[in-house]
Amino acid sequence: MSTSPLVGVVMGSRSDYKVMKAAVTVLQEFGVPCEARVVSAHRTPDLLMEYAATAEQRGLRVIIAGAGGAAHLPGMLAAKTVVPVLGVPVPATMLQGTDSLLSIVQMPKGVPVGTLAIGEAGAMNAGLLAVAILATTDDRLREKLKAWRAARTAAVLAESLEDEA
């Protein structure tokens with residue numbers, strides 16, 4: 001597998017990393033090269049446009065974008081690249097991510113953004129979804145994902161409550 005980043009994990013501010021770290025951790029667990037960057041739709045719009053416009057030529061195959069509040073980051077990235085964008089609503093305001101969720105999920109037809117759950121669970125699932133997307137063309141990664149899921153199934157079955165009855 002390449003050592004150049006295949007997945008970009010971007011967020012609107014450094015404080016979002018406490019949520020988005022879950023995506024990075026999953027990608028590292030699967031050995032998927034990734035990069036994590038702060039790219040703000042509102043404070044660094046030129047950087048956002050450059051990041052999106054160069055994503056494909058830099059070898060990115062998936063972008064995971066975490067954003068709070070108005071959450072323009074995932075949609076603006078998706079508008080500027082054909083690389084799939086997965087949006088993670090970050091609970092950054094008094095609305096605890098509901099505002100971000102609605103912003104990300106309401107993309108106009110023609111500019112899709114895959115939208116995940118609010119917060120850390122969404123970030124982790126975005127990492128897993130990125131792995132699944134990459135696994136469609138990588139047999140080794142597909143087998144690792146199958147083994148990872150089987151281990152989760154075994155862990156749940158091992159915690160059976162039947163023994164308690």
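**Helix packing and what lies around it**

Modeller: Helices α2 and α3 pack with their axes 8 Å apart, at an angle of about 45°. The model is a predicted one, in which local features need pLDDT of at least 70, side-chain atom pairs count only at pLDDT 80 or more, and totals for chains, interfaces and linings use all residues. Residues are numbered from 1 along each chain as its sequence is written, and side-chain values use heavy atoms, with hydrogens and water left out.

Helices (H or I, at least four residues) and strands (E, at least two) are DSSP runs numbered from the N terminus. Axes are lines fitted to C-alpha atoms, for helices over the stretch in contact, and angles between N-to-C directions run from 0 to 180 degrees. At about 45°, α2 and α3 are therefore oblique to each other; angles under 35 degrees count as roughly parallel, over 145 as roughly antiparallel, 65 to 115 as roughly perpendicular, and the rest as oblique.

Contact means heavy atoms within 4.5 Å. Here α2 contributes Leu48, Met49, Tyr51, Ala52 and Ala53, and α3 contributes Leu73, Met76, Leu77 and Lys80. By class, these are eight nonpolar, no polar and one charged; Ala, Val, Leu, Ile, Met, Phe, Trp, Tyr, Cys and Pro count as nonpolar, Asp, Glu, Lys and Arg as charged, and the others, Gly among them, as polar.

Which residues of α2 are buried? Within this helix, residues 45–55, they are Leu48, Tyr51, Ala52, Thr54 and Ala55. Buried means under 20% relative accessible area, exposed over 50%, and partly exposed in between, with a 1.4 Å probe and protein chains only. Their cover includes α3 (73–80) and the strands β1 (7–11), β2 (34–38) and β3 (62–67).

A second pair is α1 (residues 17–29) and α5 (residues 120–135), whose axes are 7 Å apart at an angle of about 30°. That makes α1 roughly parallel to α5, and this crossing is right-handed. Val19, Met20, Ala22, Ala23, Val26 and Leu27 of α1 meet Glu120, Ala123, Met124, Gly127, Leu128, Ala130 and Val131 of α5. This contact has 11 nonpolar, one polar and one charged residues.

The largest has 29 residues, of which Val7, Val9, Met20, Leu27, Phe30, Val32 and Ile64 touch the most other members. At least two of its residues come from each of β1, α1, β3, β4 (85–89), α5 and α6 (139–158). Leu27 touches Val7, Val9, Val32, Cys34, Ile64, Gly127, Ala130 and Val131, leaving out residues up to four places away in sequence. Apart from this core lies another, of 19 residues, including Leu48, Ile63, Ala67 and Leu77.

Finally, Leu86 in strand β4 counts as buried at 4% relative accessibility. Beyond its neighbours within four places in sequence, its contacts include Ile64, Ala126, Leu129 and Ala130.

Definitions and conventions: Left-handed = near helix turned anticlockwise from the far one by under 90°. Core = buried A, V, L, I, M, F, W, Y, C linked by side-chain atoms within 4.5 Å.
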